[in-house]
Amino acid sequence: MTDHTPGSGGQPEEPTPQTEGSPAGTGDTPPAGVPQQQPQQQQAQQPDPAQSHATPQPEGQQPYGAQQTEPARPYSPQQYAAQQEGQPSYGPSENQQSYAAQGATPHATQQFPQHAPWPSAGGHTAVQPGPHQAHGRRGGLVAGVAALALVCGLVGGGVGGFVGYQFGGDRSPGVTSLDQPRPARSVNNAPQGSVQQVAQKVLPSVVQLQMVTSRGAGEGSGIVLSQDGYILTNNHVVSGDGSGGRLTAQFHDGRTAQVRVIGTDPKSDLAVVKADNISGLTPAELGRSDDLPVGAPVVAIGSPFGLSGTVTSGIISAKDRPVRAGGESGSEDTVLNALQTDAAINPGNSGGPLVDVDGNVVGINSAIYSPGNSQGQAGSVGLGFAIPIDQAKRIATELKDHGSATQSTLGVLIGAGDQPGALVRNVVPGGPAEQAGIRNGDLITKVDDRPIQDPDSLVAAVRSHAPGDRVKITIGGDRTVDATLAGQG
């Protein structure tokens, strides 16, 4: 913000010339070179009665234009000498110029000489009478009115100057934003599809989960599946690193409850738990992820770093990302076929919902990308991953009903090859791969129309299907076979 000095709003203006009969200005500073008022003891030269048409004035009364002023030093030694001889020093002369010659705008009825006396704070400047100006009683009356107006102007100017001095000139107090009354309460109806509308709908269905074990405490999020307390979350949120522990849930309305595990599936990193002695919860609405386009807006809700009810937004950045979840690096058992999003997901968001603009859950937030050089607990870098709801819904149903879930399998052991793809190292006897004609040493390059770049890509592609689905497998660059996927626990 630029600092403006009070009163420095621009260049000072030239003083405006006065009209005949108008009172002198109050409070203005005379321009450089303009004379001050005549000494008080100096009387203005009286006009010759023989050459004037003015009515003779009574004794002791001065005609208009010949009033006394407070002492002021004349503007030059020459004019001072002239004044001592009784000659007015401010009248027109050959060597003096009008204000118009100095570049100032002259008054419409009168031009003032260049060295006209400037009014002082205590009196009225004598004005040279014009050729048609009367010096009778009327002139004295006008002069008296002008003097009275001057006194009033001086009083007003003095009061204004005192007030300006007391309150700092331009900084005098006025109405500010702090003085304005509060506006009326707004009726904020969130538009359909906005982040605000989605948050209002989904927040009551999101739970903060807290796990306390002998090794410490951890937090995550969950999604309400039923009014009586079934909750869907990640396996790594409730597993407690295998050491057991006490699990509690805090709901959006502030209630808390003890939670028990119903079923877990480490391969999909999903779990279903149940809150005890609770009712009246708001179940989430589950959507679908198969037709979710890249670039679609989404909202993530959860408890990052223990901050419950946090809402972030972004888009679907990519689909079918093979991601290892649950921190079990190097194990194919934890490979997910994930949705990628740039919505901020941080530790504590795990198990919370990723929802579309209709407020329907399309994914379960499960993992974030952590740079290799990160130290300590990583945060969001705009690369978050969620389990597609189509896969999560099937597994959650099995976990709720049976306590366990099955995963799709092709029946092969695979590894990396010299070229992009998944190299078949061993074929399980009697499994789907053997029945389809796949052999050891084959390089699988596609599942349906999805390219396979490495072993994780094949695992993710197979797990995106349900047991019993029929898929087309491309071997090398041209050979294709059909295989019916099996299920395993």
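A nonpolar core is a set of buried Ala, Val, Leu, Ile, Met, Phe, Trp, Tyr and Cys residues joined through side-chain atoms within 4.5 Å; buried means under 20% relative accessible area, exposed over 50% and partly exposed in between (1.4 Å probe, protein chains only). The model is predicted: local features need pLDDT of at least 70, side-chain atom pairs count only at pLDDT 80 or more, and totals for chains, interfaces and linings use all residues. Residues are numbered from 1 along each chain as its sequence is written, and side-chain values use heavy atoms, with hydrogens and water left out.

**View 1. The largest nonpolar core has 25 residues.** Leu270, Val361 and Ile364 touch the most other members of this core. Two or more residues come from each of α3, β3, β6, β7, β11 (361-368) and α5, where helices (H or I, at least four residues) and strands (E, at least two) are DSSP runs numbered from the N terminus. Helix α5 gives the most, with five residues. Leucine 270 touches residues that include Leu232, Ile364, Ile387, Ala392, Ile395 and Leu399, not counting residues up to four places away in sequence; contact means heavy atoms within 4.5 Å. A second, separate core of 24 residues includes Leu410, Ala436, Val447 and Ile452. In soluble globular proteins, nonpolar side chains tend to be buried together.

**View 2. Six strands form a closed barrel in the order β1-β2-β3-β6-β5-β4, with antiparallel pairing.** The twist averages 40 degrees from one strand to the next. Helix α5 (residues 389-402) packs on the sheet, touching β3 (230-233), β5 and β6 (270-275), and its direction makes about 50 degrees with that of β6; axes are lines fitted to C-alpha atoms, for helices over the stretch in contact, and angles run from 0 to 180 degrees between N-to-C directions. Strands β4 (residues 246-250) and β5 (residues 256-265) run antiparallel and are joined by four bridges, where two strands pair if DSSP finds at least two bridges between them. Alanine 257 in β5 is the bridge partner of alanine 249.

**View 3. Strand β3 is covered on both faces.** Tyr230 and Leu232 lie on one side, Ile231 and Thr233 on the other, and all are buried. Strand β2 (residues 216-224) pairs with β3 in the antiparallel sense over two bridges, and valine 224 has isoleucine 231 of β3 as its bridge partner. The two strands β2 and β3 form a hairpin with five residues between them, and glycine 229 in the turn has a positive phi of about 110 degrees. Four bridges also join β3 to β6, and these strands run antiparallel; lysine 274 in β6 is the bridge partner of tyrosine 230.

**View 4. Strand β7 is largely enclosed by the rest of the structure, because five of its six residues are buried.** Antiparallel pairing links β7 to β8 over six bridges, with glycine 302 opposite threonine 310 in β8. Antiparallel pairing also links β7 to β10, over two bridges, with valine 299 opposite valine 355 in β10. In helix α3 (residues 195-202), Gln197, Val198, Ala199 and Val202 are buried. These buried residues of α3 pack against β1 (206-213), β7 (297-302), β8 (310-324) and β10 (353-355).

**View 5. Aspartate 456 lies in helix α7 (residues 455-463).** Aspartate 456 is buried, with a relative accessible area of 16%. The side chains of aspartate 456 and arginine 324 are joined by a polar contact of 2.7 Å; such a contact is a pair of N or O atoms within 3.5 Å, and within protein one must be able to donate a hydrogen and the other to accept it, with residues adjacent in sequence counting only if both atoms are side-chain atoms.
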